Amino acid sequence: MSERWVYLFDEADGANRDLLGGKGAGLAEMTAAGLPVPPGFIITTDACRSYTEKGLEFPESMWEQALEAMAGVEKLTGKTFGGAENPLLVSVRSGAKASMPGMMDTILNLGLNDESTEGLAKATGDAQFAWQARVRFIQMFGDIVFGVPALRLSEIAEAARKQQNGARPAVEESIALVDRLQSVIYGYAHQRVPEDPAQQLELAISAVFNSWSNKRAVDYRKVAGIPEDLGTGVTVQAMVFGNTGAQSGTGVAFTRDPGSGVPGIFGEYLPDAQGEDVVAGIRTPHPISMMQDDMPDAYSELIEIADRLEKHYRDMQDMEFTVENGRFWMLQTRTGKRTGRAAVRIAVDLVADGLITVEEALGRVDGSQIEQLLHPVVAPGSTAPVLATGLPASPGAAAGVVVLDSEEAVALSEQGKPVILVRHETSPDDFSGMVASQAIVTARGGVTSHAAVVARGIGKCCVVGCSDLMIDETSQVIQANGIQVAAGEWVTVDGTTGQILVGEVETIEPELDDAYYSLMQWADEKRRLRVRANADTPVDAAKARELGAEGIGLCRTEHMFFAGDRIETVRQMIMAPNNVARAEALAKLEPHQVQDFIGIFEAMDGFPVTIRLLDPPLHEFLPRHDDTALQITDLKLQLSRAENLQRVDAMLGEIHELEAMLHQVSRLTEQNPMLGHRGVRLGIAYPQITEMQSRAIFTAAARCAERGITVLPEIMIPLVAFSPEFDHQAAIVRQVGEEVLGQHGINIDYLVGTMIELPRAALTAHEIAENADFFSFGTNDLTQSTCGLSRDDAPRFLGEYVREGVIKADPFQTIDVDGVGQLVRLGTERGRSAKPDLKVGVCGEHGGDPASIRFFDSLGLHYVSCSPYRVPVARLAAARASLESKQ
């Protein structure tokens, strides 16, 4: 017996969305429920996959089954497909398991030819209507089946309409238009729309199968995370017409507002129109509420059916309907797309309505929808030109004037001007400019580059990797796509889409409502994994707590060194000719560090704070080599022209200082600083730095504890590869701790641990764990060192890797489970084999990625840590991971 490829609506199991596709399953379920659905049949997704695998050939017996099903529809309607008397016309639509609105293809009025058009005219008593239907069919068929540009066909039809001055076209005019369209189609495709209805159907089914692979559908699936191998079903359904007079119409309605989630029917309809008119925007539709006055009986039926469908599917529904001469017909129902705000409101309301459980509600909202609630967004309907598009690294939206220099960003910000910092890429030296900016844009780098990581940490909108963006610092202009913007002119950055828009575009500030807090409370009750934040300042720490963080998983002390005028003191420390001078510089820094830590401990009262000791190489705190060399050259040029002896002496002194700094920059600069003299290696070479930072931490902790603040410091030593490295630094930390706490006469529980960010550390975790209180996996650097990828350079080709199927996802965004993930697993297991109660967490950006969180939860880690604005996303993802593990 041959395989079953085709099902009539009343034969199909509506629960089998995988086989029937979402549209077909909905039609089958509505038919089974006795709702008014025009009859039809479904060609399965299996048939689409077979068609693709066999080189665009229908699977064996599929066509015969389709013709048999068409005969069944003829019997149900009492009409003949393409017949001369009372002809049966059909729509042919795509319908994958996952909804992809507007991405694939639809053909209406299929079955019309010269003979059946006359038959439709007789059956309806309206020849004008029949020939208008034929025009619509020819346009859609020419576009979708033969690939004739839709714009060209619509221009011809529109020109004909203009000649009629808004009047309904005469039959002769429509016939002439059909001939004109057929001629244009022939010019493009060397064939006309066939007269044979069966041939029309065969070509249309092929076109819908082919539309699964069109560019817009492929692009949509990539963005939405829809698998490529699902295939699409094809629904062939008897046509009903909403354009047969005043008591006819068509519309799209939702059972709740998809923008806000507010209960109640929401949508639009058009009287005397076909369904595609609403979707395509050919005419301006009316609010659905007006239908209550125009067609009260049909409106009442819509309300009743909407209520039934929402209760049946237990979710907000997106419905398409047609009213034909007063008779109401349902053409489709599917789970409706919604904004993040609506997703949260609907999930919470459905729990209150008793339709779903708390567990189901948590599964209905994803991380990207939560992120939408936390950042400003570009107001809907923006028509601003797009300057460039990059990688959306940190969500939100912000407008400001373009600035190409961090110092200028600070200066303008202090004057009250909103600025957008645009750089080729950023470095720690840009930190103050980034803080001062409303948003950051870089031409290079990926979503875990410096700009991206820092921006997420400080809650700034950020777009990176704008490869088309040309930055001319000399001329102070940026340009892309033929558009030029000068420094000081306005742009708007959309961190949700990755677009840079020209001008000041309106943005909308988020407001968190009761539904959000209810959902987050449920998430906290259901999750096992704790969620901390990566935060470097008291302001960041306070924001993290506000968003539900249960501590700090990574406080990067180097960022504190860039605040205010501290950078000069740091440079004095680096340039110090001996240990005495270095100690003096460190002594100046220590009070600042103490105050920073006090602010963080205050914000995190009762919660743990993991503080990473100084990590980056020292040369990052010095000016760029080329900039310093240019300063020296410029000063020497000025010196050659100077006449004032006092000024000459001052310039000679300045040149001497700059030359000394240039020498130090040259001496400290490394070929591969990521694997160079940084982290624990820096602490071993300069133990005074470790001593100063430890003393600042314990002094701040003691002062806070004396004021009744519960302090739980966790001191983390970075970039450990060998256990003796850790032992060396841990001994300094613990010794300083005993001294400071002893001086204050106070006892504080603290931990000393390490950041596992090198493969060797994971492989020898059992050795390191003997003297460590905790591990925190730095998955950003662990990914770099394991995969041999630079997170700043790899984005140039990783996108292509994903598109070509070399890798499933960017490993800097979602943990590489089979590679890096196995080191996390192994490091955890080996560490706990030496110390069963070892606390283990993750502090890389993967700590805010839902797919990665699912993996970390399966390993039994204690916590994940991420940027403050991703904390709610991580809380929800951790809850979903816990629920999935129990299934």
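Contact here means heavy atoms within 4.5 Å. The model is predicted: local features need pLDDT of at least 70, side-chain atom pairs count only at pLDDT 80 or more, and totals for chains, interfaces and linings use all residues. Residues are numbered from 1 along each chain as its sequence is written, and side-chain values use heavy atoms, with hydrogens and water left out.

**Leu27**

Leu27 sits in helix α1 (residues 17-32). Helices (H or I, at least four residues) and strands (E, at least two) are DSSP runs, numbered from the N terminus. Leu27 is buried, at a relative accessible area of 0%. Buried means under 20% relative accessible area, exposed over 50%, and partly exposed in between (1.4 Å probe, protein chains only). Beyond its neighbours within four places in sequence, Leu27 touches Phe9, Val37, Thr235, Gln237, Leu331 and Gln332. His190 lies 163 residues from Leu27 along the chain, and their C-alpha atoms are 37 Å apart.

**The largest cavity**

A cavity is a set of points, on a 1 Å grid over the protein atoms alone, where a 1.4 Å probe fits but cannot get out; lining residues have an atom within 4 Å of a point. Grid points are joined across faces, edges and corners, and a volume is the space filled by probe spheres set on the points. Five cavities reach 30 Å³ or more. The largest has a volume of about 90 Å³. Twelve residues line it, and Arg93, Met239, Val240, Thr322 and Leu331 are the closest to its centre. Strands β5 (90-96) and β7 (232-238) each supply at least two lining residues.

**The barrel**

Eight strands close into a barrel in the order β26-β27-β28-β29-β30-β31-β32-β33, with parallel pairing. Neighbouring strands are turned by 25° against each other on average, direction ignored.

| Helix | Strands touched | Angle between directions |
|---|---|---|
| α22 (residues 579-603) | β27 (552-556), β28 (608-612), β29 (712-717) | about 150° with β28 |
| α34 (residues 871-885) | β26 (530-534), β33 (863-866) | about 160° with β26 |

Axes are lines fitted to C-alpha atoms, for helices over the stretch in contact, and angles run from 0 to 180 degrees between N-to-C directions.

**Strand β30**

Two strands pair if DSSP finds at least two bridges between them. Four bridges join β29 to β30 in parallel. Glu714 stands opposite Leu751 in β30. Strand β30 (residues 751-756) also pairs in the parallel sense with β31 (residues 774-777), over three bridges. There, Ile756 has Phe777 of β31 as its bridge partner. Five of the six residues of β30 are buried, so the strand is largely enclosed by the rest of the structure.

Methods: 1 Å grid on protein atoms, 1.4 Å probe; cavity = no way out; pocket = protein on both sides within 12 Å on 5 of 7 lines; lining within 4 Å.
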